[in-house]
Amino acid sequence: MHKTLLIPERVRKINGSFATIQHRFLRDGFWQSLSHHELLLYFFLVLVGDRFGISFYSYDRIITLLHLRLDEYIQARDALIAKDLIAFDGHLFQVLSLPKAPIFPPVRLLKTPVDMLEKDPATIHRTICQTLGKDPDELLQS
């Protein structure tokens, strides 16, 4: 494939620090293994880390910059640690070299009524329709 610059006068130039993500991150499935909030936090930590991947942003600054709620941040941070992508000592973060393969979260079966209310599309649809005073079957047919 022949590539040409679309806007030659606007070729990207790197001045100062530089962050990089290995192409393996996409090719080997790491991208797919992360949720939206996990991706957001991971890319942020890559961008702000020094040449060793170390950064020291506080959680309140991170949630402000990334527009996350505290529980979303905690869940994303803990998932990135569990997936062996970052280390955290309570103050410092380190973005780690990529492990051999991505770690996908285990499939969790829906068993309880609360599980169904929170994760089952049909139950959620019915609940919304009931709240709106609509017949769930009529909406599906229209």
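From the N terminus on, the elements run α-α-α-β-α-α-β-β-α-α-α. That gives 8 helices and 3 strands in the chain. Helices (H or I, at least four residues) and strands (E, at least two) are DSSP runs, numbered from the N terminus.

This is a predicted model, in which local features need pLDDT of at least 70 and side-chain atom pairs count only at pLDDT 80 or more, while totals for chains, interfaces and linings use all residues. Residues are numbered from 1 along each chain as its sequence is written, and side-chain values use heavy atoms, with hydrogens and water left out.

Overall values for the chain:

| Property | Value |
|---|---|
| Radius of gyration, over C-alpha atoms | 21 Å |
| C-alpha span along the principal axes | about 60 × 45 × 30 Å |

Buried residues (under 20% relative accessible area, 1.4 Å probe, protein chains only) make up 27% of the 142 residues. Among contacts (heavy atoms within 4.5 Å) with a separation of 6 or more, 48% join residues 24 or more positions apart.

Now one site. Ile-74 lies in helix 5 (residues 70–82). Ile-74 is partly exposed, with a relative accessible area of 32%; partly exposed means between the 20% limit for buried and the 50% limit for exposed. Tyr-59, Leu-70 and Ile-74 make a nonpolar surface patch of about 270 Å².

Key
Patches are made of residues with over 30% relative accessible area and no salt bridge: like charges are joined within 9 Å, nonpolar side chains (Val, Leu, Ile, Met, Phe, Trp, Tyr) within 5 Å. Accessible areas come from the Shrake-Rupley method with a 1.4 Å probe; for residues, only the protein chains shown count as cover. A salt bridge is a side-chain nitrogen of Lys or Arg within 4 Å of a carboxyl oxygen of Asp or Glu. The radius of gyration is taken over C-alpha atoms; the globule rule is 2.2 Å times the number of residues to the power 0.38.
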